[in-house]
Amino acid sequence: MSTRKTINRFVTIGGVCTAVALAATGCGAGGPSNTGSAGTNTVNVLVEAGGHAELTGVAEQCKKDAGVNVNFVELPYDGMFNRLSSEFSSGNVSFDVAALDSVWLPSFKDAVQPIDEIFTDEAKKDIFPALVKEANVDGHFIGLPAWTNAEIILYRKDLFEDAKNKADFQAKYGYSLAAPTTWKQYQDISEFFTRDGMYGTDVKGGVETEWLAHVLQAGSPMVLDANNKVVIDNAAHKEALDFYVSLVKSAPSGAAQVDWAASQNLFNQGKTAMTRFWAHAYRQIPKDAPVAGKVGTAPMIAGSAGVGGVPGPWYLTVPKATKNTDAAKKFIKCAYDNNSMGIESSLGLASRISAFEKYQDKEGYESFGPLIETLNGKATATRPATEKWQQIVDTVLVPMLQKAVAGGDSATLLADAKKQIEDLVK
């Protein structure tokens with residue numbers, strides 16, 4: 001399951017295809033039929049729902065600063081990859097800029113232009129290291145990260161600060177109750193709060209990203225190594241899977257079917273004391289939710305390799321087939337210069353370190369400090385650069401996790417997964 005599909009379930013943005021624009025725009029399967037003529041100052045920007053909200057302010061500022069008008073063509077996530085594939089293959093694109101999910105970069109690397117000039121030394125220092133690495137494909141930067149995200153810890157601050165809970169936890173475990181920083185602490189705290197109709201945490205059998213974060217924390221690249229060798233059956237993957245499954249006893253039943261939406265609802269309704277969840281969700285807790293005003297934030301937990309998370313970035317790219325390269329690159333440069341404007345959108349994310357730092361000490365943005373620490377974590381890494389990744393996720397990883405949390409043998413499941421993935425990537 002893609003990060004973007006996940007995030008969009010929590011963002012209220014209108015329409016399957018609204019194609020809202022700052023200038024006249026078309027709306028349909030692919031938006032306007034042709035890109036702007038060479039040398040024009042109007043660009044068609046293909047986005048998925050959340051991306052439109054993130055980039056609206058940027059587009060307005062770009063019109064003021066660079067004289068570039070923007071037409072947004074908004075498509076649903078599920079149809080976007082196929083539309084991109086069709087247009088890139090035909091060599092006749094209907095857009096000048098495309099926002100790509102990070103997992104799509106390997107598939108479309110030959111269809112988009114280098115934008116190396118935007119990645120100055122100064123710019124690279126202000127973008128999280130994992131994203132700088134991912135944007136560079138075959139020696140060229142091909143996409144500018146427009147926004148990113150990662151899982152952090154959300155926890156019930158009121159429960160953690162309760163005097164009786166603190167005393168009881170100290171007596172039982174021999175250390176102070178506080179936001180967990182290690183796997184062992186997360187296990188202990190989850191066990192402690194599983195009582196009286198509440199659970200310590202959730203376990204998401206329906207999504208893969210969280211388990212992969214624990215693989216990174218255990219010291220292994222996820223699923224594939226740098227040479228595309230399948231390593232899913234190594235010791236770190238098994239250690240991470242065993243840890244993941246160990247939390248089932250402290251989580252609501254039916255873990256095999258729990259996905260992001262279900263786990264978010266469990267936490268917001270006060271059913272779980274902790275959750276590992278995308279940082280943007282902190283600001284989206286409904287004001288009338290039982291946990292409103294009672295939530296604390298902390299960086300993602302660390303394994304033996306340190307804090308590690310799986311970023312969820314989207315990249316702005318310029319297709320080789322556009323006739324409007326100059327204006328397209330002006331827009332992408334505007335998106336970098338005004339990146340912090342995305343934080344004021346409904347999704348509330350950015351990609352520049354300085355943008356998050358600008359807000360991290362403001363009330364209501366308490367998730368940003370932990371997000372920065374997680375994205376800078378020494379074990380943090382992006383997903384493998386293979387065009388088969390989404391297929392691996394949907395047909396191998398999620399089914400394997402569902403079997404694991406339902407009681408399957410981890411070593412056997414990982415061995416089977418290795419064979420399946422080797423067949424996909426050979």
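**Basis and confidence**

In this predicted model, local features require a pLDDT of at least 70 and side-chain atom pairs count only at pLDDT 80 or more, while totals for chains, interfaces and linings use all residues. Residues are numbered from 1 along each chain as its sequence is written, and side-chain values use heavy atoms, with hydrogens and water left out.

The pLDDT, which is the predictor's confidence in each residue on a scale from 0 to 100, averages 91 over the protein chain. A score of at least 70 is reached by 91% of the residues. Over residues 6-34 the pLDDT stays under 50. For that stretch the model has 78 contacts beyond four places in sequence, a contact being heavy atoms within 4.5 Å.

Helices (H or I, at least four residues) and strands (E, at least two) are DSSP runs numbered from the N terminus. Two strands are taken as paired if DSSP finds at least two bridges between them. Strands of a sheet pair through backbone hydrogen bonds, either parallel or antiparallel.

An open sheet is formed by five strands in the order β2-β1-β3-β12-β6, with mixed pairing. Its edge strands are β2 (69-75) and β6 (144-147), each of which pairs on one side only. From one strand to the next, the twist averages 30 degrees; axes are lines fitted to C-alpha atoms, for helices over the stretch in contact, and angles run from 0 to 180 degrees between N-to-C directions.

Pro145 stands opposite Tyr315 in β12. Helix α3 (residues 77-90) lies across β1 (42-48), β2, β3 (97-101) and β12, and runs at about 130 degrees to β1.

**The three-stranded sheet**

A further open sheet has three strands in the order β8-β7-β9, with antiparallel pairing. Because β8 and β9 (295-298) stand at the edges with a single partner strand each, one side of each is left without a neighbour in the sheet. Neighbouring strands of this sheet are turned by 35 degrees against each other on average, direction ignored.

Strand β7 (residues 151-156) pairs with β9 in the antiparallel sense over four bridges, and the bridge partner of Ile153 is Ala298 in β9. Helix α15 (residues 368-375) lies across β7 and β9, at about 145 degrees to β7.

**Pocket and cavities**

Both kinds of space are found on a 1 Å grid over the protein atoms alone: a cavity is a set of points where a 1.4 Å probe fits but cannot get out, and a pocket is an open set with protein on both sides within 12 Å along at least five of seven lines, lining residues having an atom within 4 Å of a point. Grid points are joined across faces, edges and corners, and a volume is the space filled by probe spheres set on the points. For the lining classes, Ala, Val, Leu, Ile, Met, Phe, Trp, Tyr, Cys and Pro count as nonpolar, Asp, Glu, Lys and Arg as charged, and the others, Gly among them, as polar.

| Space | Volume | Lining by class |
|---|---|---|
| Largest pocket | about 810 Å³ | 14 nonpolar, eight polar, eight charged residues |
| Largest cavity | about 50 Å³ | six nonpolar, two polar, one charged residues |
| Second largest cavity | about 40 Å³ | five nonpolar, three polar, no charged residues |

The largest pocket is lined by 30 residues, of which Lys133, Thr382, Arg383, Pro384 and Ala385 lie nearest its centre. Elements α4 (105-108), α6 (129-135) and β4 (136-137) each supply at least two residues of this lining.

A search of the whole structure finds two cavities of 30 Å³ or more. Residues lining the largest cavity include Glu54, Leu55, Val58, Ala146 and Trp147.
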